[in-house]
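Try each task before you read the solution under it.

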Amino acid sequence: MNTKILWIDDEMDSLKSQIMFLENKGYDVETFSNGYDGLEYLKANHVDVVMLDESMPGMTGLETLSQIKEYNVNLPVVMVTKNEAENIMEDAIGAQITDYLIKPVNPNQILLTLKKIIDSKTLVSEKTTQNYQQEFRNLFLALNSNPDYKEWCDLYKKLVYWELEMQKSDSPEMLEIFSSQKEEANNEFCKFVDKNYMKWIKAGNESAPVMSHTLMQNHLFPSLEKGKSTFFVLIDNLRWDQWKTIQAKFSELFRITDEDLFCAILPTSTQYSRNSIFSGMMPVDIEKNYPIEWKNDDEEGGKNLYEEMFFDDQLRRRGLKDLKFSYTKVTNHDHGEQLVNNIQNLLHNDINIIVYNFVDMLSHARTEMEVLKELANDEVSYRSLTNSWFEHSPLFQALKKVADKNIKLVITTDHGSVQVKTASKVIGDKQTTSNIRYKHGRNLNYDGKAVLAFREPHDIGLPKPNFNSSFIFAKNDVYLCYPNNFNHFANYFRNTFQHGGVSLEEMLIPVVKMESK
């Protein structure tokens, strides 16, 4: 079916060459010399695009535009007029005009506008698919060239770039190819972590990447500047692709000065990774120095109740005890509104810590609520929900209030999450933990291909909850279920977003520095 164009202009005779050109290109053009007749036709016929003059007798172009938008607000309208008055352009843009062309217009100019409006999605899809096909081999070679940690970060950024680009493609075949390449990347990354993780944890290893327990000493403390308040905002469970989805919102307010990844410790869960960030210690050292405050998975009590105290002690250890700081944790909407109302009062502090728990709650709620399973049933919708949340969140509103106050801002997270698809059986005694992406216990029986296993927790900086306790971490998209009622739980958790294990999405996570513009 040809694209239908409705062209309304009181000087149609002067546009005959343009109309013939478009008809030769396969467009179907219907013309009227006034707004009244054009609107009558529009109400009785399907139209893809309206071309509209402004200076017409009877009903002006802007008046016609207003009635078109009342009838169909999403119908593209291109104003084609001799009128270059700035107020006419502003009124047209305010009335949601799609494009504005000044007469005389040549046929190719009109053709380009129509292609942008009608064919852009198809053209972008085709170009995206073509570009990814060209990049596929480069990514394949990079994955098989034994990449080091920095190269893995670059690879993951490229994969996320193409994942976001592939949203523009409507080729199921190319999406399947990309999905397979991403899965291969995760499998290779798991091998890389298995080979190197214990070395990274050893004290004094200068070649280790920035990890949870060294995040602040590398990315917060060096960026502190006298006379500038620094806000350190930790959005729980924020992946790199989710950050890229909300990045534009931050760019409206701040100048991004550094955008990087760091490596979350194992398990990639809040209890371990976030406590490590605020204490500047691995969990085994937190347990040693804070035996009352530290709680293992199987112990009663809150697992992240002492972050403010941990951070205060880290400042003291690093000789920064004179710095004035605040700590705010947001776990519900009321807390968020309090942050909006109070954020300007925080500007006199050197450091303001804000922990914002939403993305993690979204992930867990999606597991438990059927309606959210429908809303976030894949990676694309999960990102979309995150973007929609942030745009309307109290956090965004609060940051708007201080964006012009000459501040520094660090945005980061404690871990990411992965959509799990492959159930794997684990057998253990009743002391075995119930986590989906990692478990610890005695005499664990598991599929060695599905997990990374560490028999001695201290080797990877973790407490030893019980004698003979060992840790296992699910690889890639695996999730761990007990044999009892296995099929029920396998179905219940399949395609949910979980964390605690080993994957690019969970371990390579954003840390971004910004300043007021």
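## Exercise 1: the largest pocket

Sort the lining of the largest pocket by residue type, and you get nine charged residues, seven polar ones and five nonpolar ones. Keep in mind that this is a predicted model. Your task: work out how much space the largest pocket holds, which residues are closest to its centre and which element gives the most to its lining.

Solution. Start with the volume: the largest pocket has about 500 Å³ of space. Next, go through the 21 lining residues and pick those closest to the centre, which are Glu163, Ser179, Lys182, Glu379 and Lys421. Now look at the elements: α7 (172-201), α16 (379-391) and β11 (418-419) each give two or more residues to the lining. Of the elements, α7 comes out as the one that gives the most, with six residues.

## Exercise 2: a nonpolar patch

Find the residues that make the nonpolar surface patch of about 320 Å², and say which helix gives the most to the patch.

Solution. Step one is to list the members: Phe136, Phe140, Leu141 and Ile177. Step two is to assign them: helix α5 (residues 107-143) gives three residues, the most of any element. Step three is to check one member, phenylalanine 140, which lies in helix α5. Its relative accessibility is 35%, so phenylalanine 140 counts as partly exposed. A patch residue needs over 30% relative accessible area, and phenylalanine 140 has 35%.

## Exercise 3: two asparagines with positive phi

Asparagine 146 and asparagine 237 both have a positive phi. Where does each one sit, and is each one buried or exposed?

Solution. Take asparagine 146 to begin with: phi is near 55°, and the residue is not a glycine. Asparagine 146 sits in the loop between α5 and α6 (149-165). With 62% relative accessibility, over the 50% cut-off, asparagine 146 counts as exposed.

Now asparagine 237, where phi is about 70°, again in a residue that is not a glycine. You'll find asparagine 237 in the loop between β6 and α9 (240-253). Its relative accessible area is 0%, so asparagine 237 is buried.

## Exercise 4: cis peptide bonds

Look at the bonds from lysine 103 to proline 104 and from leucine 266 to proline 267. What is omega near in each, and which loop holds each proline?

Solution. For the bond from lysine 103 to proline 104, omega is near -5°, and the bond is cis. Proline 104 lies in the loop between β5 (99-102) and α5. For the bond from leucine 266 to proline 267, omega is near -10°, and this bond is cis too. The loop holding proline 267 runs between β7 (254-263) and α10 (270-279).

## Exercise 5: sequence and space

Solution. Phenylalanine 471 is in strand β16 (residues 470-474), and at 0% relative accessibility phenylalanine 471 counts as buried. Glutamate 225 is in the loop between α8 (215-219) and β6 (230-235), and its relative accessible area of 37% makes glutamate 225 partly exposed.

How values were computed
Residues numbered from 1 in each chain as written. Predicted model: local features only at pLDDT ≥ 70, side-chain atom pairs only at ≥ 80, totals over all residues. Heavy atoms only, no water. Patch = residues over 30% accessible without salt bridge, like charges linked within 9 Å, V, L, I, M, F, W, Y side chains within 5 Å. Areas by Shrake-Rupley, 256 points an atom, 1.4 Å probe, with all protein chains shown as cover. Salt bridge = Lys/Arg side-chain N within 4 Å of Asp/Glu carboxyl O. Helix = DSSP H or I, 4+ residues; strand = E, 2+ residues; numbered from the N terminus. Buried < 20%, exposed > 50% of the residue type's maximum accessible area, 1.4 Å probe, protein only. 1 Å grid on protein atoms, 1.4 Å probe; cavity = no way out; pocket = protein on both sides within 12 Å on 5 of 7 lines; lining within 4 Å. Points joined across faces, edges and corners; volume = space filled by probe spheres on them. Nonpolar A, V, L, I, M, F, W, Y, C, P; charged D, E, K, R; others polar.
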